Amino acid sequence: MKNKIKILNKIKPFKKVIEVSGDKSISIRSILLASQAIGTSRIYNLLESEDVINTLKSIKKLGIKFKKKKQYYEIYGFGLNGYKTNSNAVINAGNSGTLARLILGLLINLKNSVTIKGDKSLSKRDFSRVTNPLKNFGAIIKSKKDGLPVKIKGSYYLRPINYFEKLGSAQCKSSVMMAAIKTPGTTKIKAKPSRNHTEILFKQLKLPIKITKKKNFDLIEINGVSEFNSFNYVIPGDISSCSFFIVLTLLSKNSILTIKNVNTNKTRTGIIKILNRMGAKIILMNKRFYKGEEISDIKIKSRENLKGINCPEKLNSSAIDEFLVIFLVAAKAKGISNFKNLAELNKKESPRLNIAVNFLKEIGIKVKRNKDDIKIYGNPNLNIKKEIKIKNYMKDHRIFMMSCIAALVLGGKFNIYDSNSINTSFPSFLKILKNIGAKIN
Ligand code: S3P
């Protein structure tokens, strides 16, 4: 069958230096903000994956032009009132929750109604988490149940809101932040900490934002503006894409990997904190700052004697896209690992918590599940002997990539379907894996 790969052997020891492609969260945010700025923005090292291409197509639907140049993308913004559409325009967000949720915030003042639709996986995800606060600003929003499609008609008479973001969701927080810059007055957001790229970009763009750090949440206050200027941005490497190679190296024998120019913003490095607590020695080298974002080179060495972890819940949000590979490390570690309150993991491109539990059981690992908590009974001698088929996971890119890593470090004969899924976030994944030495048929 097309789109199926086979991995029949573990990876041999390697010593490599690699780079991964641009950060998806920052790529999508920078296009959306550039599309609302006044003037020409230039974005370098933009991630060229389906989620990001769909973001470019979406702004085009809204009348914003862009051009791909050799080194960068140029985006020609007309300001916060610059979107122009036919009535009943349809935007297809494909697989991207970030695009669909953030763009809804920017449509809050658009005269014509716009429908946001998505693929099968995205259509099933919860949108009431953003449409509820956006309705409070004054937009008219209609949807069937809580999923997509969602139809939004903006208002000229927006009012600022007070919003409590309790899920630790950066998409919800950012959707409201996007609406807040278009709304006169002060929008106040009390947010459980989550990735803060939107806050950092707002500061760089000199948008009026005030952040007060409280013990368990951030208080974010944003004043509406009438315009802001275009900008240039160089997108750093995506730590979520690195996570697969981090775990590959950690669980391989006698290997060393350096990954250069990665965004190591503290709201994203939960995986490094968790794995180092399990006995890894992952080092961030050459730390520097670029437009408020921390960038580093990450160095990883293979480790034996990894141990289980009682994972602090406060790290959940900063590792939310990385738990699938973190579970592989827990499966190989000595002792029991506990992960708590992972309900959000089942709200992703596929129900990842359910799929991970089934996967771990399939490879012979004891797992106990209690609602949104899981206990993984690690086995340092784990060595899969049987044939494993990975399919029916809603083409979730991260399940595909996690399965490849499992095959390369845990043994067994793996047949993994839907290799096309990597195009949503990391089209060069298999190429880099082969360059490190993986044999993939
Ligand atoms: C993202 C936030 C996270 C993450 C997603 C990207 C973002 O989702 O899982 O891959 O760019 O804001 P939630 O906001 O739903 O936690």
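This is a predicted model: local features need pLDDT of at least 70, side-chain atom pairs count only at pLDDT 80 or more; totals for chains, interfaces and linings use all residues.
**Charged pairs, one by one**

Q: What makes Arg268 and Asp23 a salt bridge?
A: Their side chains meet with N to O at 2.9 Å, and a salt bridge is a side-chain nitrogen of Lys or Arg within 4 Å of a carboxyl oxygen of Asp or Glu, so the pair qualifies. The two residues are 245 residues apart, Arg268 in the loop between β15 (256-263) and α9 (270-277) and Asp23 in the loop between β2 (15-18) and α1 (24-34). Residues are numbered from 1 along each chain as its sequence is written, and side-chain values use heavy atoms, with hydrogens and water left out.

Q: Why is Arg268 called buried?
A: Buried means under 20% relative accessible area, exposed over 50%, and partly exposed in between (1.4 Å probe, protein chains only). Arg268 has 2% relative accessibility, so Arg268 counts as buried.

Q: How do you know whether Lys213 is buried or exposed?
A: Its relative accessible area is 62%, so Lys213 is exposed. Asp218, which forms a salt bridge with Lys213 at 3.3 Å between the closest N and O atoms, is buried at 7%.

Q: Why is Lys366 called partly exposed?
A: Lys366 has 46% relative accessibility, so Lys366 counts as partly exposed. Lys366 lies in strand β19 (residues 366-370); strands (E, at least two residues) and helices (H or I, at least four) are DSSP runs, numbered from the N terminus.
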